[in-house]
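Q: I have just opened this one and would like a careful walk through it. Could you take me along step by step?

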Amino acid sequence: MQPDLDPAWIEKLNQARALKKWPLAKLITLFESKLPGSAHIRQAIHHHILNHPDQFPRKACILGFTGTPGAGKSSLIAELCRQLLAKNPNITVAVLAIDPSSQISGGSILGDRTRMHYGKKEPRLFFRSQASNLELGGITESTFQACRVLRHLFDYIIIETVGIGQNEIDIQYMTDHTFLVMQPLAGDQIQFMKCGIMEIPDSFIVNKCDEERLARTSYHMLRSSLKQAKLVELHAEDDYRQAAKDKIFLTSALKGKGIQELADHALAQHSIRPWHQAELFYLKKSIQRRYGEFGIQFFEQAALQPLWENEQISYEEKERGILSRIQEHIRQDLFR
Ligand SMILES: Nc1nc2c(ncn2[C@@H]2O[C@H](COP(=O)(O)OP(=O)(O)O)[C@@H](O)[C@H]2O)c(=O)[nH]1
Ligand SMILES: [Mg+2]
């Protein structure tokens, strides 16, 4: 028997389906919450959503945007959202910006410029800023938790993360498509290559290509650094189309260049990654945190696939199930 969902939460879910901002914010806060009581409500929400597929027909495609601070990710995402919503009048978009400098509720969301553009006026767009507890940014469990509910409510989830390095690479377990945002001629590419991060993104964006000459040079630099030696002539409008075929996007958030191509590419993406892969990633983190390498080894040997791959079972039940098996194993070991 599953716990019943409190009518007040059903009401919030219904309002969130209509994309009302306040209930959406309340839901995310619940999913981010580490309080013991919240886990049961999350579990009940999981089953409520599963039991009402007609009410939750959406299955979000998750797009990740990563790269060094100042590359223009926030500005670019704002322009991209505008294009996405304009190109398709039916789609809905949620943006999760993981900002290492922001306090959970105090930080600015995508800057003032964006707020001016959308604010509360655009009903199909929802922003949420999440604080990062990692110095370099990267993705956190809060992001995963927020996506658990947002993925049933929106067509697209856009995640912005800061920084490069191991934490940054984690984003690939969550997203259907990852974009690496770079600045032109800033040595970003060499830096990314050194970190082995070039293999992670599905597409590359060189932002701040305000001028044609800069765009052209950046494009050739990136192509050669990706060892795609085929030379492509870059001329006016066609340049951007050709680059887009190579999954290289030359954009200027400032001048609105290359955003059309980026939006078309984003609209062509779909939810492809089985959700339990993201769950597995965080399950392992949870086991590691509590039981270290021993826990991971036990988990891998115990053939728990049927448990963690089962979409009917909530994340909370999976976590509890696996942890109790580890505890049982330790108990048996002690009294042997
Ligand atoms: N010249 C130019 N500046 C840009 C462009 N996109 C963003 N910026 C500026 O770069 C700075 C950092 O932008 P922001 O979007 O906050 O970068 P983030 O840290 O990657 O999210 C801001 O001052 C932006 O106005 C662009 O396409 N061209
Ligand atoms: Mg930003």
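The chat below turns to the sheet and then to the ligand.

Q: Before anything else, what kind of model is this?
A: This is a predicted model, and the values discussed here are computed from it.

Q: Okay, in what order do the strands of the open sheet run?
A: The open sheet has seven strands in the order 3-2-4-1-5-6-7, and their pairing is parallel.

Q: And why is one side of strand 3 and of strand 7 left without a neighbour?
A: Strand 3 (125-131) and strand 7 (248-250) stand at the edges of the sheet and have a single partner strand each, so one side of each has no neighbour there.

Q: How many bridges join strand 2 to strand 4?
A: Five bridges join strand 2, residues 93-99, to strand 4, residues 156-162, and the two run parallel; in this pair, Ala97 stands opposite Glu160 of strand 4.

Q: What does helix 4 touch on the sheet?
A: Helix 4, residues 73-87, packs on the sheet and touches strands 1, 2, 3, 4, 5 and 6, with its direction at about 170 degrees to that of strand 4.

Q: Switching topic, which residues are closest to ligand 1?
A: Of the 15 residues that surround ligand 1, the closest are Gly70, Lys73, Ser75, Asp210 and Ala253, and helix 4 gives the most to this shell, with three residues.

Q: Which atom of Lys73 lies 2.8 Å from the ligand?
A: That is a backbone N or O atom of Lys73, lying 2.8 Å from an oxygen atom of ligand 1, while a polar backbone atom of Leu254 is 3.2 Å from an oxygen atom of the ligand.

Q: How much of ligand 1 does the protein bury?
A: The protein buries 67% of the 580 Å² that ligand 1 exposes when taken alone.

Definitions and conventions:
Residues numbered from 1 in each chain as written. Chains lettered and ligands numbered in written order. Predicted model: local features only at pLDDT ≥ 70, side-chain atom pairs only at ≥ 80, totals over all residues. Heavy atoms only, no water. Pairing = 2+ DSSP bridges. Helix = DSSP H or I, 4+ residues; strand = E, 2+ residues; numbered from the N terminus. Contact = heavy atoms within 4.5 Å. Axes fitted to C-alpha atoms, helices over the stretch in contact; angles between N-to-C directions. Near = heavy atom within 4 Å. Polar contact = N/O pair within 3.5 Å; in protein donor to acceptor, adjacent residues only side chain to side chain. Areas by Shrake-Rupley, 256 points an atom, 1.4 Å probe, with all protein chains shown as cover.
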